[in-house]
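Please look over the chain shown here before reading on. The briefing begins with the overall fold and then turns to charged side chains.

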Amino acid sequence: MDGSSKEEEEEEEESTFTTISLADDTDHSSGFFCPRRSSVPRMMNADMDVDAENQVELEEKTRLINQVLELQHTLEDLSARVDAVKEENLKLKSENQVLGQYIENLMSASSVFQTTDTKSKRK
């Protein structure tokens, strides 16, 4: 009889453990991990509104910061372009002066332009 009572005790322990374990998990998981909307206090709803307002404000600040940064980059690009155009303008002015001097030298060396000068000297 000693052998059969040990088996009965083991079966009781297993069934009791299983029953307690399942009941325990079900009770704790429904109330602890998943609170119902109606159990949320009104104060928490006010906090949620404040959090939502803060979130909107934060998003607006982030959008404005990104817009300012974009405008700064655009300004930098435009400034670089203006500098490049100024350099090109100076280069072209210099080339124009060289070409103007070259044309004057050709005109003074040409006989066609010298004849006009000589006619005025003859009178």
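What follows is a short briefing on a predicted model.

The secondary structure of this protein comes to three helices and zero strands, and from the N terminus on the elements run α-α-α. Buried residues make up 0% of the 123 residues, while the accessible surface comes to about 11900 Å², of which 57% belongs to carbon and sulfur atoms.

**Annotated span**
- According to UniProt, in an unreviewed entry, residues 61-95 carry the feature "coiled-coil region".
- In the predicted model the span of residues 61-95 is 100% helix and 0% strand, and its end C-alpha atoms lie 51 Å apart.

**Salt bridges**
- The structure holds two salt bridges.
- E57 is paired with K61 in a salt bridge whose closest N and O atoms are 3.6 Å apart; because the two residues are four residues apart in helix 2, about one helical turn separates them.
- Both partners count as partly exposed, E57 at 44% relative accessibility and K61 at 47%.
- R63 forms a salt bridge with E60, with the closest N and O atoms 2.7 Å apart, and since R63 and E60 are three residues apart in helix 2, they too are separated by about one helical turn.
- R63 is partly exposed at 44% relative accessibility, and E60 is likewise partly exposed, at 36%.

**Negative surface patch**
- D47, D49, D51 and E53 form a negative surface patch.
- D47 is placed in helix 2, which covers residues 42-109, and D47 is partly exposed, with a relative accessible area of 41%.

Note on methods. Residues numbered from 1 in each chain as written. Predicted model: local features only at pLDDT ≥ 70, side-chain atom pairs only at ≥ 80, totals over all residues. Heavy atoms only, no water. UniProt positions renumbered as here; feature names shortened; annotations may be inferred. Patch = residues over 30% accessible without salt bridge, like charges linked within 9 Å, V, L, I, M, F, W, Y side chains within 5 Å. Areas by Shrake-Rupley, 256 points an atom, 1.4 Å probe, with all protein chains shown as cover. Salt bridge = Lys/Arg side-chain N within 4 Å of Asp/Glu carboxyl O. Lys, Arg positive; Asp, Glu negative; His and termini not counted. Charge placed at Lys NZ, Arg CZ, Asp CG, Glu CD. Buried < 20%, exposed > 50% of the residue type's maximum accessible area, 1.4 Å probe, protein only.
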